[in-house]
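Welcome! Open your viewer, switch to a cartoon view, and follow along one stop at a time.

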Amino acid sequence: MVAWRMLRAVLADLHLGQATRDLERFEDLTRELCAREVGELIFLGDLFRTLVGFGRFWGETVRRGLAELAALRQRGVRVILVEGNRDFFLDAPELDPFRDAWGPVHSFAAGGRRFLVEHGDLINRHDHMYRFWRALSKSRPARAWARWLPAGVAQWIVGRTEARLAGTNFTYRRELPAADLLGAARRHFAAGVDVVLWGHFHRSWSFADGGREAHVIDGWMETGTVAWVGTDGSLSFQRPGPDGHFVDTPAHSWYQGRDSAVEAR
Ligand SMILES: [Mn+2]
(Lines give C-alpha, C1' and ligand atoms only; values in the text may rest on other atoms or scores of the structure.)
Protein backbone atom coordinates (compact mmCIF):
# COMPACT_ATOMS: atom_id res chain seq x y z
CA MET A 1 0.00 0.00 0.00
CA VAL A 2 1.31 3.44 -0.87
CA ALA A 3 1.25 5.97 1.95
CA TRP A 4 -0.47 9.28 1.19
CA ARG A 5 2.60 11.09 2.46
CA MET A 6 5.92 9.53 1.61
CA LEU A 7 9.33 11.04 2.11
CA ARG A 8 12.02 9.01 0.39
CA ALA A 9 15.76 8.95 0.95
CA VAL A 10 18.16 7.55 -1.65
CA LEU A 11 21.71 6.54 -0.72
CA ALA A 12 24.42 5.32 -3.07
CA ASP A 13 27.58 3.32 -2.45
CA LEU A 14 27.91 3.14 1.31
CA HIS A 15 30.43 0.27 1.05
CA LEU A 16 29.95 -0.44 4.77
CA GLY A 17 32.92 -2.34 6.15
CA GLN A 18 35.43 -0.52 3.97
CA ALA A 19 36.14 2.66 5.96
CA THR A 20 36.85 2.99 9.67
CA ARG A 21 33.81 3.70 11.84
CA ASP A 22 31.48 3.67 8.81
CA LEU A 23 29.00 1.46 10.62
CA GLU A 24 28.76 4.01 13.45
CA ARG A 25 28.21 6.75 10.85
CA PHE A 26 25.48 4.62 9.33
CA GLU A 27 23.80 4.12 12.70
CA ASP A 28 23.85 7.91 13.22
CA LEU A 29 22.27 8.33 9.81
CA THR A 30 19.44 5.87 10.47
CA ARG A 31 18.60 7.82 13.63
CA GLU A 32 18.46 11.00 11.53
CA LEU A 33 16.25 9.31 8.94
CA CYS A 34 13.83 8.14 11.61
CA ALA A 35 13.72 11.63 13.15
CA ARG A 36 12.70 12.98 9.72
CA GLU A 37 10.04 10.28 9.41
CA VAL A 38 11.35 8.86 6.17
CA GLY A 39 8.85 6.44 4.64
CA GLU A 40 11.07 4.67 2.15
CA LEU A 41 14.83 4.19 2.19
CA ILE A 42 16.35 3.23 -1.15
CA PHE A 43 19.88 1.87 -1.32
CA LEU A 44 21.18 2.52 -4.81
CA GLY A 45 23.53 -0.46 -4.72
CA ASP A 46 26.73 -1.41 -2.89
CA LEU A 47 25.41 -0.94 0.64
CA PHE A 48 28.23 -3.13 1.93
CA ARG A 49 31.75 -3.79 0.76
CA THR A 50 30.18 -7.00 -0.49
CA LEU A 51 26.73 -8.46 0.11
CA VAL A 52 25.90 -12.02 -0.90
CA GLY A 53 22.35 -13.15 -0.17
CA PHE A 54 23.40 -16.30 1.65
CA GLY A 55 24.07 -15.99 5.38
CA ARG A 56 27.30 -17.98 5.38
CA PHE A 57 28.95 -15.07 3.58
CA TRP A 58 28.05 -12.56 6.25
CA GLY A 59 30.72 -11.19 8.55
CA GLU A 60 30.24 -9.00 11.61
CA THR A 61 29.75 -5.75 9.66
CA VAL A 62 27.09 -7.20 7.36
CA ARG A 63 25.20 -8.70 10.32
CA ARG A 64 25.20 -5.39 12.20
CA GLY A 65 24.22 -3.42 9.10
CA LEU A 66 21.40 -5.80 8.32
CA ALA A 67 20.20 -5.56 11.93
CA GLU A 68 19.88 -1.79 11.36
CA LEU A 69 17.70 -2.46 8.31
CA ALA A 70 15.49 -4.83 10.31
CA ALA A 71 15.11 -2.16 13.03
CA LEU A 72 14.14 0.45 10.42
CA ARG A 73 11.51 -1.87 8.99
CA GLN A 74 10.08 -2.48 12.45
CA ARG A 75 9.61 1.29 12.69
CA GLY A 76 7.59 1.20 9.47
CA VAL A 77 10.30 2.30 7.01
CA ARG A 78 10.25 0.50 3.67
CA VAL A 79 13.75 -0.70 2.72
CA ILE A 80 14.60 -1.14 -0.96
CA LEU A 81 17.82 -2.78 -2.13
CA VAL A 82 18.83 -1.94 -5.70
CA GLU A 83 21.50 -4.33 -6.91
CA GLY A 84 25.02 -2.98 -7.31
CA ASN A 85 28.16 -4.61 -8.62
CA ARG A 86 29.04 -5.64 -5.05
CA ASP A 87 25.63 -7.26 -4.46
CA PHE A 88 24.92 -10.88 -5.28
CA PHE A 89 21.69 -12.91 -5.08
CA LEU A 90 19.64 -10.29 -3.26
CA ASP A 91 16.53 -12.40 -3.81
CA ALA A 92 17.76 -15.06 -1.34
CA PRO A 93 15.09 -15.77 1.34
CA GLU A 94 17.69 -15.25 4.08
CA LEU A 95 17.45 -11.52 3.29
CA ASP A 96 13.66 -11.44 3.76
CA PRO A 97 13.77 -9.84 7.24
CA PHE A 98 15.95 -6.99 5.95
CA ARG A 99 14.31 -5.60 2.81
CA ASP A 100 10.86 -4.99 1.37
CA ALA A 101 11.87 -5.10 -2.28
CA TRP A 102 14.97 -5.62 -4.36
CA GLY A 103 15.98 -5.75 -7.98
CA PRO A 104 18.29 -4.32 -10.62
CA VAL A 105 16.00 -1.32 -10.88
CA HIS A 106 13.41 0.43 -8.72
CA SER A 107 10.80 2.89 -9.89
CA PHE A 108 8.11 4.96 -8.24
CA ALA A 109 5.98 8.02 -8.83
CA ALA A 110 5.97 11.12 -6.65
CA GLY A 111 4.06 14.32 -7.32
CA GLY A 112 3.21 13.09 -10.82
CA ARG A 113 6.86 12.55 -11.73
CA ARG A 114 8.17 9.13 -12.65
CA PHE A 115 11.43 8.17 -10.96
CA LEU A 116 13.78 5.40 -11.97
CA VAL A 117 16.79 4.33 -9.91
CA GLU A 118 19.48 1.88 -10.95
CA HIS A 119 23.06 1.35 -9.86
CA GLY A 120 24.74 2.32 -13.14
CA ASP A 121 27.48 -0.29 -13.40
CA LEU A 122 26.25 -1.30 -16.87
CA ILE A 123 26.29 2.21 -18.32
CA ASN A 124 29.90 2.09 -19.47
CA ARG A 125 29.51 -0.02 -22.60
CA HIS A 126 33.24 -0.29 -23.20
CA ASP A 127 33.98 -2.01 -19.92
CA HIS A 128 33.88 -5.49 -21.49
CA MET A 129 35.97 -7.18 -18.84
CA TYR A 130 33.67 -6.01 -16.09
CA ARG A 131 30.53 -6.97 -18.05
CA PHE A 132 31.91 -10.46 -18.54
CA TRP A 133 32.75 -10.81 -14.85
CA ARG A 134 29.30 -9.55 -13.88
CA ALA A 135 27.48 -12.03 -16.11
CA LEU A 136 29.62 -14.88 -14.82
CA SER A 137 29.45 -14.06 -11.12
CA LYS A 138 25.69 -13.53 -11.11
CA SER A 139 24.85 -16.58 -13.23
CA ARG A 140 22.78 -19.57 -12.13
CA PRO A 141 25.79 -21.91 -11.82
CA ALA A 142 27.56 -19.32 -9.63
CA ARG A 143 24.46 -19.12 -7.49
CA ALA A 144 24.19 -22.90 -7.06
CA TRP A 145 27.87 -23.03 -6.22
CA ALA A 146 27.70 -20.15 -3.70
CA ARG A 147 24.66 -21.73 -2.06
CA TRP A 148 26.68 -24.71 -0.79
CA LEU A 149 30.15 -23.29 -0.19
CA PRO A 150 31.69 -23.70 3.28
CA ALA A 151 31.77 -20.37 5.12
CA GLY A 152 35.57 -20.02 5.15
CA VAL A 153 35.85 -20.56 1.41
CA ALA A 154 32.93 -18.20 0.83
CA GLN A 155 34.59 -15.37 2.79
CA TRP A 156 37.86 -15.95 0.94
CA ILE A 157 36.12 -15.70 -2.43
CA VAL A 158 34.47 -12.45 -1.41
CA GLY A 159 37.93 -11.03 -0.73
CA ARG A 160 39.24 -12.27 -4.08
CA THR A 161 36.21 -10.83 -5.86
CA GLU A 162 37.09 -7.36 -4.67
CA ALA A 163 40.62 -7.71 -5.95
CA ARG A 164 39.27 -8.70 -9.36
CA LEU A 165 36.77 -5.87 -9.49
CA ALA A 166 39.55 -3.43 -8.68
CA GLY A 167 41.13 -4.23 -12.04
CA THR A 168 37.99 -3.72 -14.12
CA ASN A 169 35.16 -1.31 -13.47
CA PHE A 170 37.01 0.57 -10.75
CA THR A 171 39.58 1.86 -13.20
CA TYR A 172 36.78 3.00 -15.51
CA ARG A 173 35.26 4.92 -12.65
CA ARG A 174 38.04 7.49 -12.63
CA GLU A 175 36.52 9.18 -15.65
CA LEU A 176 32.76 9.50 -15.83
CA PRO A 177 31.51 7.97 -19.10
CA ALA A 178 29.65 11.19 -19.92
CA ALA A 179 28.55 10.16 -23.42
CA ASP A 180 27.16 6.85 -22.14
CA LEU A 181 25.42 8.60 -19.25
CA LEU A 182 23.81 11.11 -21.63
CA GLY A 183 22.68 8.31 -23.94
CA ALA A 184 21.20 6.31 -21.07
CA ALA A 185 19.45 9.38 -19.67
CA ARG A 186 17.92 10.21 -23.05
CA ARG A 187 16.72 6.61 -23.50
CA HIS A 188 15.01 6.70 -20.10
CA PHE A 189 13.49 10.13 -20.85
CA ALA A 190 12.16 8.84 -24.17
CA ALA A 191 10.54 5.93 -22.31
CA GLY A 192 8.65 8.38 -20.09
CA VAL A 193 10.91 8.60 -17.06
CA ASP A 194 11.15 12.08 -15.53
CA VAL A 195 13.98 11.57 -13.04
CA VAL A 196 16.84 9.07 -13.29
CA LEU A 197 19.13 8.43 -10.32
CA TRP A 198 22.37 6.47 -10.54
CA GLY A 199 25.21 5.67 -8.15
CA HIS A 200 28.33 3.59 -8.75
CA PHE A 201 30.65 6.35 -9.95
CA HIS A 202 31.22 7.89 -6.52
CA ARG A 203 31.06 11.41 -7.87
CA SER A 204 28.22 13.65 -8.84
CA TRP A 205 27.02 14.40 -12.33
CA SER A 206 23.78 15.97 -13.51
CA PHE A 207 21.90 16.49 -16.72
CA ALA A 208 18.60 18.28 -17.24
CA ASP A 209 16.43 18.42 -20.34
CA GLY A 210 13.27 20.46 -19.94
CA GLY A 211 11.57 19.21 -16.82
CA ARG A 212 13.47 15.94 -16.90
CA GLU A 213 16.68 15.28 -15.01
CA ALA A 214 19.30 12.60 -14.48
CA HIS A 215 21.81 12.54 -11.64
CA VAL A 216 24.69 10.44 -10.50
CA ILE A 217 24.68 10.57 -6.71
CA ASP A 218 28.15 10.62 -5.20
CA GLY A 219 29.20 7.88 -2.80
CA TRP A 220 27.84 8.04 0.72
CA MET A 221 31.11 6.56 1.91
CA GLU A 222 33.06 9.66 0.82
CA THR A 223 30.54 12.50 1.16
CA GLY A 224 27.59 11.29 3.24
CA THR A 225 25.23 12.53 0.53
CA VAL A 226 21.50 11.84 0.93
CA ALA A 227 19.09 12.43 -1.97
CA TRP A 228 15.61 13.32 -0.73
CA VAL A 229 12.46 12.87 -2.78
CA GLY A 230 9.40 14.59 -1.37
CA THR A 231 5.77 13.56 -1.78
CA ASP A 232 5.46 16.39 -4.32
CA GLY A 233 8.24 14.91 -6.47
CA SER A 234 10.81 17.49 -5.39
CA LEU A 235 14.41 16.33 -5.37
CA SER A 236 17.18 17.74 -3.19
CA PHE A 237 20.63 16.63 -2.12
CA GLN A 238 22.14 16.96 1.30
CA ARG A 239 25.65 16.57 2.52
CA PRO A 240 26.64 16.74 6.14
CA GLY A 241 28.92 19.69 6.90
CA PRO A 242 32.17 19.43 8.89
CA ASP A 243 30.14 19.42 12.10
CA GLY A 244 28.10 16.43 10.91
CA HIS A 245 24.94 18.47 10.29
CA PHE A 246 23.22 18.46 6.92
CA VAL A 247 23.54 21.28 4.39
CA ASP A 248 20.84 21.58 1.72
CA THR A 249 21.90 21.77 -1.92
CA PRO A 250 19.36 22.36 -4.70
CA ALA A 251 19.73 19.86 -7.52
CA HIS A 252 20.56 22.36 -10.24
CA SER A 253 23.45 23.97 -8.41
CA TRP A 254 25.42 20.81 -9.11
CA TYR A 255 28.53 21.03 -11.21
CA GLN A 256 29.06 18.38 -13.87
CA GLY A 257 31.54 15.57 -14.05
CA ARG A 258 33.97 16.85 -11.45
CA ASP A 259 35.26 15.27 -8.30
CA SER A 260 32.93 16.30 -5.52
CA ALA A 261 35.55 16.29 -2.75
CA VAL A 262 37.80 18.72 -4.63
CA GLU A 263 34.92 20.96 -5.66
CA ALA A 264 33.55 21.11 -2.12
CA ARG A 265 36.71 22.80 -0.87
MN1 LIG B 1 29.21 0.10 -7.65
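Predicted model: local features only at pLDDT ≥ 70, side-chain atom pairs only at ≥ 80, totals over all residues.

Stop 1: Strands of a sheet pair through backbone hydrogen bonds, either parallel or antiparallel. Here, look for five strands forming an open sheet with mixed pairing, in the order E7-E8-E9-E11-E10. Now select 105-110 and 205-209: these are the edge strands E7 and E10, and each pairs on one side only. From one strand to the next, the twist averages 10°.

Stop 2: Which residue of E11 is the bridge partner of serine 206? Click on histidine 215 to find that partner.

**Stop 3: a helix across the sheet.** Select residues 178-190 to bring up helix H7. H7 lies across E8 (113-118), E9 (195-198), E10 and E11, and runs at about 40° to E10.

**Stop 4: a pair of helices.** Next, select helix H1 (residues 22-35) together with helix H2 (residues 60-74). Their axes are 11 Å apart, and the helices pack at an angle of about 0°, so H1 is roughly parallel to H2. Show side chains to see who makes the contact: Leu23, Phe26, Glu27 and Thr30 from H1, with Thr61, Arg64, Gly65, Glu68 and Leu72 from H2. Colour them by class and you will find three nonpolar, three polar and three charged residues in this contact.

Definitions and conventions. Residues numbered from 1 in each chain as written. Pairing = 2+ DSSP bridges. Helix = DSSP H or I, 4+ residues; strand = E, 2+ residues; numbered from the N terminus. Axes fitted to C-alpha atoms, helices over the stretch in contact; angles between N-to-C directions. Contact = placed C-beta atoms within 7 Å. Parallel < 35°, antiparallel > 145°, perpendicular 65-115°, else oblique. Nonpolar A, V, L, I, M, F, W, Y, C, P; charged D, E, K, R; others polar.
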